[in-house]
Amino acid sequence: MNSVSSRTPRFVRIGALIGVLFLALPIVGLLKRVAWSKLWSQLTDVATRDALRISLYASVSATLLALVLGLPLAWCLARMQFTGRRFVRALVLLPMVLPPVVGGVALLGAYGKTSGLLGGVLDSVVGIQLTYSLWGVIIAETFVALPFLVLALEGGLRSIDSKYEEAAAVMGAKDLTRFMRVTLPLLKPSLVAGLMLAWARALGEFGATITFAGNIQGRTQTAPLAVYTMLESNPEGAYALSVLLVAICVGVLVGLRDRWIGGASQ
Amino acid sequence: MISLHGTVAVGAFSRHFSLEFGNEIVGVFGANGIGKTSLLRTIAGLCPLGEGELKVNGVIVDAPAKKQFVRPELRNIGMVFQDHSLFPFMTALDNAAFPLTMRGMKRNIARKLAMETLEQFGVANVAEQLAPTLSGGQSQRVAIVRALIGSPQAVLLDEPLSAIDDESRESVRNQIREHLNRLGVSAIVVSHDRTDFDHLCTRIENYTR
């Protein structure tokens, strides 16, 4: 028996179809432009290999750094009542909605070698220059990826029933042991989802990276920056690298299918 | 020994208790809402005492006026939770061995001891099953093993037989009594079933609203 709510009007179906085409067409266009016979040689080109290496190294480092910063942040947001909590949450979300280039400019204001709030001190005291260095790429990617991880972990921590941690405490598990043996296994699905989303965001970072760390081949040029640069000089290479990035992103979606898109098929 | 003279306060609930339990099995009986579970949670350290003083084996573990509060992980109390609260990502055996590993025992020795106790409670056959796959009765027996196994200095049992079927009830009661007698500590049993008290407890405290 069809209820009124389960009947889908024709104009809604057509609208949905146009939406699907709008999303699918660029991917089809990209696949059509790829010179498949030269794909391997394009992907093993020096500039592409450098870009992939830097991307992989920086995105994994940024994800780990985001985890170190994001886990305590998510914990406090999920489980503590403190003055300014709403402000801290807004601050955490800001890099998500901020134009990435503006994020890069803001990072220059903080860590720029000459005019940054901390950049000069870091350079003269510790001897680390963040701008135009691999560190800069990692910082820029962490800045944009952190909110994804914090949001996933905060949601995960909120959904954990406190009875398990209480039972562990009564059985003698102290804070760190309780976290490692009980909270972390319960948090695992959210942690995996958060790490994958944060890593995918870091991998795709463009605006903040080019503004803060520049676009120097072999040093700060990540895969998205290489695609942009090669589009003029070597379009076939740009398409080859693009299709690889699409494949990686599809892999992330497949990895997250149970959590994010599994429900849609039911 | 448990000595509590003070107010148990959880959320809007508040009730004054004045009790002295020796090394005996005391049944706490009373209607819903008189604070039986809150009393156990307070003794375990999961809810702080509103006012007054709580001692376990002569040591003050909670006294708000003196700003003394011993955290639950340092009280060494065994507890069966009303909903069992077995860790869902662990097997029955690892759940049962958990308190032993928290006391620094090596995992394989802890698992061996836990296996022996699971056997005594008739659930050794499900030892390697994940907690969510256990039946209500199996899960409750594992929870009982987990509460008794770590040589606790007091044992709190919140409706410990509610999910056990009638045929096995007596043998589980006997096992609990045997273990508690061997431990020789204060034990508090909360139940709705008077026959559990008659067979298990040495004394009954009846609370009314």
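Biologist: What should I keep in mind about numbering and cut-offs here?

Modeller: Residues are numbered from 1 along each chain as its sequence is written, while chains are lettered from A and ligands numbered from 1 in the order in which they are written. The model is predicted, so local features need pLDDT of at least 70 and side-chain atom pairs count only at pLDDT 80 or more, whereas totals for chains, interfaces and linings use all residues; side-chain values use heavy atoms, leaving out hydrogens and water.

Biologist: How many salt bridges does the structure hold over all chains?

Modeller: Side chains of opposite charge can pair when their charged atoms come close. The term here means a side-chain nitrogen of Lys or Arg within 4 Å of a carboxyl oxygen of Asp or Glu. Over all chains, the structure holds 23 salt bridges. In one of them, A:Glu165 pairs with A:Arg79, with the closest N and O atoms 2.9 Å apart. A:Glu165 sits in helix H8 (residues 162–170) and A:Arg79 in helix H3 (residues 46–79) of chain A, so this pair ties together parts 86 residues apart in sequence. Helices (H or I, at least four residues) and strands (E, at least two) are DSSP runs, numbered from the N terminus.

Biologist: Is A:Glu165 buried or exposed?

Modeller: Buried means under 20% relative accessible area, exposed over 50%, and partly exposed in between (1.4 Å probe, protein chains only). A:Glu165, at 10%, counts as buried, and A:Arg79 is partly exposed at 31%.

Biologist: Which residue forms a salt bridge with A:Glu154?

Modeller: That is A:Arg89, with the closest N and O atoms 2.2 Å apart. The two link helix H7 (residues 134–159) with helix H4 (residues 85–97) of chain A, 65 residues apart. A:Glu154 is buried, at 5%, and A:Arg89 is partly exposed, at 25%.

Biologist: Now the cores: which residues have the most contacts inside the largest one?

Modeller: In soluble globular proteins, nonpolar side chains tend to be buried together. A nonpolar core is a set of buried Ala, Val, Leu, Ile, Met, Phe, Trp, Tyr and Cys residues joined through side-chain atoms within 4.5 Å. The largest has 38 residues, and those with the most contacts inside it are B:Leu118, B:Phe121, B:Leu157, B:Ile176 and B:Leu180. Helix H4 (136–148) of chain B is among the elements giving two or more residues, and H4(B) gives the most, with six.

Biologist: Where is there a second core?

Modeller: A separate core of 37 residues includes A:Ala173, B:Leu19, B:Phe21 and B:Phe81.
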